[in-house]
Amino acid sequence: ITINGNELTFETGETILEVARRNRIDIPTLCHLENTLPTTTCQICVVEIDGESGLKESCATQAEDGMVIQTESSSVIAFRKEKISGLLASGNHNCAIRKFEARDWTDFQLGVQADDQKEDICPVWGSCELQDLAYRYQVETRGVASSACKYEMERANPFIIRDFSRCILCGRCVKACREIQVNDAIEFGYEGEDSKIIARDDLQLVDSDCVFCGECVQVCPVGALVPDREFRDDRFVDTQKVRSTCSFCGVGCQIDMFVQDNRIVKIDGADRDLPPNNASLCVKGRFGYD
């Protein structure tokens, strides 16, 4: 196949996205999660294929002999900008890329601070994939109707904050829970404007089958799932990432410790291709660092 003028080989069954990534061609996506089934919920990964009508999701379209593909054509970029703009206009995405008149912006920010119970910008500002894409494509939201969130923030457990106002319903957390950790604790609930990621019968996590492994937090591309301890102002302090081995049991899980002033403030699983845990952790490995 040919992607952006590059002639590439592929294996039978590979998707366009897999071929592109293997050859270091960047196709952005918000819902794709490696080693899980594609859901095509975000549609950010669309590409243009010569001779095909409409744009195709690269995460779910298998490569075929003779395909000629453009990943950044004008129609692709216009489609992505429209999708990103719609996602930004839903809920409390209060990064500086939102476009309001001055008075409306102030009212919006004050409302977000009241919902967050915290006088600060979004807790993942600077490390949000949606924000990165908005800057990358210079997305404008002025004139796009905003929609408020119907669901309050959940902080009823000591580990994970669930901020439904920043959830973009990409489904990464569901795939991580079901297909990577095989806990099956969360799923899509309700329909249409009432859509929400729910734990069993729409319970709070602490009352559900959740084991607080935090895999959902690690894969969330926005600020919908954040560690409770990280919901403070230390993310702008100089941080060193240190690779280490979890010491809680004999499995030998590889971890990345985030250290500030010789103090651990966060732990993530290491690289996806690094055994034995391939970036997954249990509740002790991820949250038990006091």
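**Sheet first, then the spaces**

Guide: Let's start with a pair of strands: strand 11 and strand 12 run antiparallel to each other, joined over 6 bridges. Keep in mind that this is a predicted model.

Visitor: Which residue is the bridge partner of M257 in strand 12?

Guide: That would be I267.

Visitor: And what is the strand order of the open sheet?

Guide: The order is 10-11-12, three strands with antiparallel pairing. Strand 10 (240-245) and strand 12 are the edge strands, each pairing on one side only. From one strand to the next, the twist averages 30 degrees.

Visitor: On to the spaces, then. What is the general idea?

Guide: You roll a probe the size of a water molecule over the atoms, and that shows where empty space is left. If the probe fits but cannot get out, you have a cavity, while a pocket is an open set of points.

Visitor: How much space lies in the largest pocket?

Guide: About 1000 Å³. Its lining has 39 residues, and the closest to the centre are S127, V217, Q218, K266 and D268.

Visitor: Which elements each supply at least two residues of that lining?

Guide: Helix 6 (215-219), strand 9 (225-227), strand 11 (254-260) and strand 12 (263-269). Strand 12 gives the most, with 4 residues.

Visitor: How do the residues of the lining of the largest pocket divide by class?

Guide: You get 18 nonpolar, 8 polar and 13 charged residues.

Visitor: What about the second largest pocket: how much space is in there?

Guide: About 630 Å³. Here 26 residues form the lining, with S90, C167, I168, L169 and S195 nearest the centre. Helix 2 (74-88) and strand 8 (196-199) each supply at least two of the lining residues, and helix 2 gives the most, with 4. By class, the lining of this second largest pocket has 12 nonpolar, 9 polar and 5 charged residues.

Visitor: Into which classes do the lining residues of the largest cavity divide?

Guide: There are 22 nonpolar, 3 polar and 2 charged residues.

Visitor: How much space lies in the second largest cavity?

Guide: About 70 Å³. It is lined by 11 residues, and P227, K266, I267, R286 and F287 are the closest to its centre. Two elements give two or more residues to that lining, namely strand 12 and helix 7 (283-287).

Visitor: Which element gives the most to the lining of the second largest cavity?

Guide: Strand 12, with 4 residues. By class, this lining divides into 6 nonpolar, no polar and 5 charged residues.

Visitor: Can you tie the sheet and the spaces together for me?

Guide: Follow strand 12. This strand pairs with strand 11, gives the most to the lining of the largest pocket, and gives the most to the lining of the second largest cavity as well.

How values were computed:
Residues are numbered from 1 along each chain as its sequence is written. This is a predicted model: local features need pLDDT of at least 70, side-chain atom pairs count only at pLDDT 80 or more; totals for chains, interfaces and linings use all residues. Side-chain values use heavy atoms; hydrogens and water are left out. On a 1 Å grid over the protein atoms alone, a cavity is a set of points where a 1.4 Å probe fits but cannot get out, and a pocket is an open set with protein on both sides within 12 Å along at least five of seven lines; lining residues have an atom within 4 Å of a point. Grid points are joined across faces, edges and corners, and a volume is the space filled by probe spheres set on the points. Ala, Val, Leu, Ile, Met, Phe, Trp, Tyr, Cys and Pro count as nonpolar, Asp, Glu, Lys and Arg as charged, and the others, Gly among them, as polar. Two strands pair if DSSP finds at least two bridges between them. Axes are lines fitted to C-alpha atoms, for helices over the stretch in contact, and angles run from 0 to 180 degrees between N-to-C directions.
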